[in-house]
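Please read the sequence and the structure side by side before going on. The report below is meant to be checked against both.

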Amino acid sequence: MFGYHGRYLRIDLATGDYRYVALSEKTLRAFLGGSGLGAYLLLSEDQAAADPLSPEAPLAFVFSSLVGSPLTTSAKFSVVAKGPLSDRFNDSLASSSFALAGKRAGADAIVLVGKADIPVVVVVDDGAVRLDPAGPLWGLSCQESERQLRQAYGNDYQCAVIGPAGERQVRYATISHDGRHAGRGGHGAVLGAKQVKALAVRGTQRCEWARPAELVALAKQLSDQSLGPATAKYRELGTATNLTTFHRLQALPTRNFQDSQFAEAERLSPESLSLTRGKARASCAACTIGCEHIYQLHAKEPGQQSVGPGVRLEYENLFALGPLCGVDDPQAVLEASLLCDQLGLDTISTGGTLAFAMECVERGLLDAPWLRFGDASALLRGVREIGAREGLGDALAEGSRRLAGQLGGRSIEFAAQVKGLELPGYEPRALQTMALGFAVGARGADHNRSGAYEVDFSDRVDRRDLTPAGAHFAMETENQAALMDSLILCKFLRRIFTDFHGEAARMLRLVTGWEVTDGEMRQTARRIITAKKLFNIQAGWTPAEDTLPQRFLTEATRDAPTTRLSATALNKAITAYNQARGWTADGWLPAEHLEDLGLTSLQSSREIRGR
Amino acid sequence: MVCVEFFGVPRTRAGVGMIDVGDVSTVGEALDALAERLPSLHEDCLQPRPSGGWELTTYCIANLAGRQFVRDTGIRLEPDDVLLIFSADAGG
């Protein structure tokens, strides 16, 4: 077999036992790797009904055939588990040399089940597994944990770690490696519940490629294209430049989605930050784009070169810790971002939960007078308390949906989440194809699993008038994302492809030798999306959860009173989406559809099937 | 007087945040005026149209005053319209 090891490693943390389980060529071809193979593995484990923080719930690190190839941006891994925020399917990805070392350790995926008796480091050394006591690592920040692990184990190990937030099972804790995070949905909490501080991997087992000379030539071509104008935004300015764009288009979520513009957006923009702070650029492992823009924490004085540590700044942490909380102080936003990195917190859910709590304070639903929109010190205190689960932080660590459940008073109507996952920085009333993508997403409101905002940023639709025609676009961008997350490739490459499915099929042919066509790639995308849905149904999904919070369906923002999204329009679009997928109108999975996609055998014996 | 505002890479290439392009009556005329006054926009943001004049590359997108995304150069502009030019990719 080319490109794959043809097996996954399954480790029982309770006993330390491990075994290799064969993965057939048929299975790998059907699910590819990354999130797709992760969905297959979760369904195979048949624990969709388990509490995500219980020992029974599995968590998988998943690689793919492209990992380790010379294709740019392919050094990625996916973490897949039932999400502790959503209680639904959750996949989060990161790019780093952990993916390369993890695959070289000798398996296409590493599945962790059970719970260790004491905090441990799971060591996978070229195929052999042991559990080492985590000892004094428990309690350390993500960065310090990695530093000490490198010192203890050597530089040929790569270590994915959790920070204090994961240890305390904050429901939106991340898994971190080399400053990158598998960030959304709380996989850090799942590892924390299993008492796993880190997964350390190294190995020498490489996979052969079917047509190496052609693959190297394609990789060179792709790298050259990745240095062109299609990726200039990421390379030159980074995603943070979205801030002023979204502000101008009244699509920038501000003060818990009460406003769509932030008067101080320019002050937080990368263009302004660059004037006062040193900045460096960096790339993930095996990436030629180089989208990371790292700003010095402190503004420099005249004549100074740089001050303090560097902070990776993306649009999402900028929006969530800035405008969403009403904070216009760049220093505070950078410091809060750095704290999230150190504690191992998803910045979107951190900012989203804090912003929700700030509005609850304003409305008299929450007694925390210190927690006010626009207060930089409150932002920093809030992040620290969440990471430590101290004071109010213990309730905030549960995420906005569970916090709303505690507070009552119809607060759930303005908790900006779908399936428990806080919304990213795309105002759904101003970007209504994206609103549909949020509503139907398997892991909840998310901009990485649905790229429907791309359609809103085009002349193909009226972004403020959702119609059933938007369903097709939402589905297509979701399909493309599913393939990219399973191959695995970075989505920042997407504009360099003129025929994505055809070019993806070619990559797979060269690596694996399979005669894959673009048509097969399309069918694979449908299978992966449906497999995620199948897991959700087994976990208790009902059609009622494919929606948006009431705020978005009954109110306009204060600064754009005519921009509205009706429940009727959203529901019609959801029905059109379900039908376009071949599902029933309300989103259930017909038996013949499962059979057509080869998913029948993955139905659980405990499955809850509605019609 | 039609005004053009730049964001993201177009702003970097233009070297200014906004510019007046005079009394133009279509998107195409506005882009022609930009091509003449800001040659730094050529290639990455503006490309010659086969039929003459200039159009946006696929890497950029224009929007009329925040209301409507436009790519058709024939779309008419009102005298006080504001044309916004962004990087086409909104990924974050």
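What follows describes the basis of the model, then two residues of one chain, and then another chain as a whole.

## Basis of the description

This is a predicted model, in which local features need pLDDT of at least 70 and side-chain atom pairs count only at pLDDT 80 or more, while totals for chains, interfaces and linings use all residues. Residues are numbered from 1 along each chain as its sequence is written, chains are lettered from A and ligands numbered from 1 in the order in which they are written, and side-chain values use heavy atoms, with hydrogens and water left out.

## Lys197 in chain A

Lys197(A) is found in strand β12, residues 196-202 of chain A; strands are DSSP runs of E with at least two residues, helices are runs of H or I with at least four, and both are numbered from the N terminus. Lys197(A) counts as buried because its relative accessibility is 0%, where buried means under 20% relative accessible area, exposed over 50%, and partly exposed in between, with a 1.4 Å probe and protein chains only.

The side chain of Lys197(A) has a polar atom 2.7 Å from the backbone oxygen of Ile162(A), and it makes a polar contact of 3.4 Å with the side chain of Ser145(A). A polar contact is a pair of N or O atoms within 3.5 Å; within protein, one must be able to donate a hydrogen and the other to accept it, and residues adjacent in sequence count only if both atoms are side-chain atoms. Leaving aside residues up to four places away in sequence, Lys197(A) touches several others, among them Val120(A), Trp138(A) and Glu167(A), contact meaning heavy atoms within 4.5 Å.

## Ser566 in chain A

Ser566(A) sits in the loop between α23 (550-554) and α24 (567-580) of chain A, and it counts as partly exposed because its relative accessibility is 33%. The side chain of Ser566(A) reaches the backbone nitrogen of Ala569(A) at 2.9 Å. From C-alpha to C-alpha, Ser566(A) and Glu555(A) are 9.1 Å apart in space, although 11 residues separate them in sequence.

## Chain B as a whole

Chain B has 2 helices and 7 strands, and from the N terminus on its elements run in the order β-α-β-α-β-β-β-β-β. The C-alpha trace of chain B spans about 35 × 30 × 20 Å along its principal axes. Of the 92 residues of chain B, 58% count as buried. Among the contacts in chain B with a separation of 6 or more, 44% come from residues 24 or more positions apart.
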